[in-house]
Amino acid sequence: MPGSAARTATADVVCLGESMVTFLPSQPGRLADVPSFGRGIGGAESNVACALAAAGHRAKWVGRVGADGFGDHLVDTIAGYGVDTSAVRRDPARPTGIYFRTATDRATDTHEVAYYRAGSAASAMSPENVPYEDLLDTRVLHLSGITAALSADCLALLRDLTAPREGRPLVSFDVNHRPGLWRDGEAGPEVLLDLARRSDLVFVGEDEAEEAWGVHGTEAIRAALPEPDVLVVKRGSDGVTVFSRTGGTAGTGGGTAEDTVTTVPSLHVDVVAAVGAGDAFAAGFLSATLRGLPVRDRARHGHLMAAAVLTVPGDLTGPPPRDHADRLAALDDEAWGTLRLGPGWTVAAGANEEVRVT
């Protein structure tokens, strides 16, 4: 892992970003028709931190919440997963963000999300008020494009954290293109492209790359993002393609070695709720990266972590036991291709029961 061999840090991964209280519908239907909601938490970066902590890593979440009950709930819940929340700051003048969503798949036209995050405590994050000593004292710093869209100060923070600097940790960046979050007159796609090119490890969906930058296909995406030492292109049901090279140094704009291209098929999953999979995949990939596993196994652990989330109703769940995930990740290509995972598979794994093959 670039930049980590000689690095001694108090955290394995630090995740920076906004976490919000999310209200989940009690039944399917339009927001106007849903009679009640259950309370949960949501936030791309805190989701990654929770999954990594549950998988046994030293994970820290850095964010900003209001001095209110929702902020209390967020910090307590995230800490309950084993995440270090000591660097979270409370803002007495701004509220914790919240949002409501429908139960339908986010990719469908019937899905609705109502955000109440404008002017939130997290949107006030800036280079002047976040604890840099916590952000940089880590092997991996995980960021996402969502933070860049929250405010001009948040964007300035991400630009500073992705700038080359001596001793910079490996910077992981999930593009997370959310057109609805960008303010009028701001060129979100160009900003995201610039931040991704300044990072060491980048996650991007093939569909969002086409929407944001007008490029289609894995090779075209790599051509648009030549700098990161590792580029993970998520291709939905077709799996992922990982471009990787060795010889780069974290924070210096990438290496000069030729790419190794690794394609790893997705798993067959009996989906309960299509939410949280992208964050879970990033967590699984980062977990295997921290352990120094081969690129193929990093992608497979990403798929397995995503399968754990896809087979439960919410955005977060406990990962499969590490020894069982390692056995599945080590399957030959034929066995991997016939693996099918459904609800309860992580519990079954803990009981040494077999998952289904087709």
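Two strands count as paired here if DSSP finds at least two bridges between them, and helices (H or I, at least four residues) and strands (E, at least two) are DSSP runs numbered from the N terminus. The structure is a predicted model, in which local features need pLDDT of at least 70 and side-chain atom pairs count only at pLDDT 80 or more, while totals for chains, interfaces and linings use all residues. Residues are numbered from 1 along each chain as its sequence is written, and side-chain values use heavy atoms, with hydrogens and water left out.

Let us start with an open sheet. Its four strands come in the order β3-β2-β7-β8, and their pairing is mixed. At the edges lie β3 (37-42) and β8 (113-116), each of which pairs on one side only. Neighbouring strands in this sheet are turned by 20° against each other on average, direction ignored; axes are lines fitted to C-alpha atoms, for helices over the stretch in contact, and angles run from 0 to 180 degrees between N-to-C directions. Further in, β2 (residues 20-25) and β7 (residues 98-101) run parallel and are joined by three bridges. Here phenylalanine 23 has phenylalanine 100 of β7 as its bridge partner.

Now look at the helix that crosses this sheet. Helix α2 (residues 69-80) lies across β2, β3 and β7, and runs at about 65° to β3. Glycine 71 is part of α2. Because its relative accessibility is 0%, glycine 71 counts as buried (buried means under 20% relative accessible area, exposed over 50%, partly exposed in between, with a 1.4 Å probe and protein chains only). Its contacts, leaving aside neighbours within four places in sequence, are Val65, Gly66, Arg90 and Thr96, where contact means heavy atoms within 4.5 Å. Aspartate 91 is 20 residues from glycine 71 along the chain, and their C-alpha atoms are separated by 9.5 Å.

On the parallel side, β12 pairs with β11 over five bridges, and lysine 234 stands opposite glycine 205. Strand β13 (residues 240-244) pairs with β12 in the antiparallel sense, also over five bridges, with leucine 231 and phenylalanine 243 as bridge partners. Five residues lie between β12 and β13 in their hairpin, and glycine 236 in the turn has a positive phi of about 65°.

Helix α6 (residues 188-197) has Gly188, Val191, Leu192, Leu195 and Ala196 buried. Seen down the axis of α6, these buried residues fall within an arc of 130°, so they line one face of the helix; the arc is that of the directions from the helix axis to the C-beta atoms. Their cover includes α4 (145-150), α5 (152-161), β10 (170-174), β11 (201-205) and α7 (206-213).

Finally, the cores. A nonpolar core is a set of buried Ala, Val, Leu, Ile, Met, Phe, Trp, Tyr and Cys residues joined through side-chain atoms within 4.5 Å. The largest has 56 residues, and those touching the most other members are Leu201, Phe203, Val232, Val242, Leu267, Phe285 and Leu304. Helix α10 (residues 295-310) supplies the largest share of this core, nine residues. Not counting residues up to four places away in sequence, phenylalanine 285 touches Leu201, Phe203, Val230, Val232, Val242, Arg298, Ala299 and Gly302. A second, separate core of 42 residues includes Trp182, Trp213, Val233 and Phe243.
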